[in-house]
Amino acid sequence: MELNGEQLIAAPIPDVWRGLNDIDVLAKSIPGCEEINRILPEEIHARVMFKIGPVRARFSGKLFLSDVIPDKSCSMTFEGSGGAAGFAKGRSRVELSQVDGGTLVSYTTEASIGGKLGQIGGRLISASAKKIADDFFQKFAKEVGGEVLTLESDTKI
């Protein structure tokens, strides 16, 4: 599954960057987040409750940051397990750029999903992933003192 999109957040790049690296801001922004901890500067562990279609599960996962260029971009790899519900793993890239009105956040994500989640139709998973991303950015923008305007989002399987 691929999930790509752009969000315009009405806040300056330094505020958006700080928010993306602040686990308290992330905890308030990630839908269903129950716990989040920074283990190392480049490693974050989290527990999140998701409902995707008929499957509701608590996922425990790890996120590893790489290729970090402060106030500009970073890459992430992630892996998570929801027990019998399945697993997800993949990679993502986030880039920030200054535009009129604030910060443009561009992201690309490639993920593979298995278990019960893997048996759910691709369209349902893609729609759920897009909704989770949109919900995240709405909450995140408020946390960093701005608002969000969705420019474009494209989901492919």
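The legends below describe several close-up views of one predicted model.

The model is predicted, so that local features need pLDDT of at least 70 and side-chain atom pairs count only at pLDDT 80 or more, while totals for chains, interfaces and linings use all residues. Residues are numbered from 1 along each chain as its sequence is written, and side-chain values use heavy atoms, with hydrogens and water left out.

**Figure 1. Strand β7 pairs with strands β1 and β6.**
Helices (H or I, at least four residues) and strands (E, at least two) are DSSP runs, numbered from the N terminus. Two strands pair if DSSP finds at least two bridges between them. Strand β1, residues 2–9, pairs with β7 in the antiparallel sense over eight bridges. In this pairing, L8 stands opposite L104 in β7. Strands β6 and β7 also run antiparallel, joined by 13 bridges. Here K89 stands opposite S112 in β7. The hairpin of β6 and β7 has two residues between the strands, and G101 in this hairpin takes a positive phi near 100°.

**Figure 2. S92 of strand β6 makes polar contacts with T108 and T109.**
S92 is found in strand β6, which covers residues 87–99. With 14% relative accessibility, S92 counts as buried; buried means under 20% relative accessible area, exposed over 50%, and partly exposed in between (1.4 Å probe, protein chains only). A polar contact is a pair of N or O atoms within 3.5 Å; within protein, one must be able to donate a hydrogen and the other to accept it, and residues adjacent in sequence count only if both atoms are side-chain atoms. A polar atom of the S92 side chain lies 3.0 Å from the backbone oxygen of T108. The side chains of S92 and T109 are joined by a polar contact of 3.0 Å. Not counting residues up to four places away in sequence, S92 touches C74, S75, M76, F78, T108 and T109, where contact means heavy atoms within 4.5 Å.

**Figure 3. Ring pairs link Y107, F136, F137 and F140 into a cluster.**
A pair of aromatic rings is described by the distance of the centres and the angle of the planes. Rings of Phe, Tyr and Trp (its six-membered ring) pair if their centres lie within 6.5 Å; planes under 30 degrees apart count as stacked, over 60 as edge-to-face and the rest as tilted. The whole structure contains four aromatic pairs. The rings of Y107 and F137 are stacked, because their centres are 5.5 Å apart and their planes are at 25°. Y107 lies in strand β7 (residues 102–114) and F137 in helix α4 (residues 122–143), so this pair ties together parts that are 30 residues apart in sequence. Y107 is buried at 7% relative accessible area, and F137 is buried at 6%. The rings of F136 and F140 are also stacked, with centres 5.5 Å apart and planes at 20°. Both F136 and F140 lie in helix α4, four residues apart, about one turn of the helix. F136 is buried at 14% relative accessibility, as is F140 at 0%.

**Figure 4. Helix α4 has 22 residues.**
The expected span of a helix is 1.5 Å times one less than its number of residues. The buried residues of α4 include I125, S126, S128, A129, A133 and A141. Just after α4, G145 takes a positive phi of about 85°.

**Figure 5. Salt bridges that share partners join E34, E35, R47 and R58 into one network.**
A salt bridge is a side-chain nitrogen of Lys or Arg within 4 Å of a carboxyl oxygen of Asp or Glu. The structure holds eight salt bridges. One of them joins the side chains of E34 and R47, at 3.1 Å from N to O. This pair links distant parts of the chain, with E34 in strand β2 (residues 33–40) and R47 in strand β3 (residues 43–52), 13 residues apart. E34 is partly exposed at 34% relative accessibility, and R47 is partly exposed at 30%. E34 also forms a salt bridge with R58, the closest N and O atoms being 2.5 Å apart.
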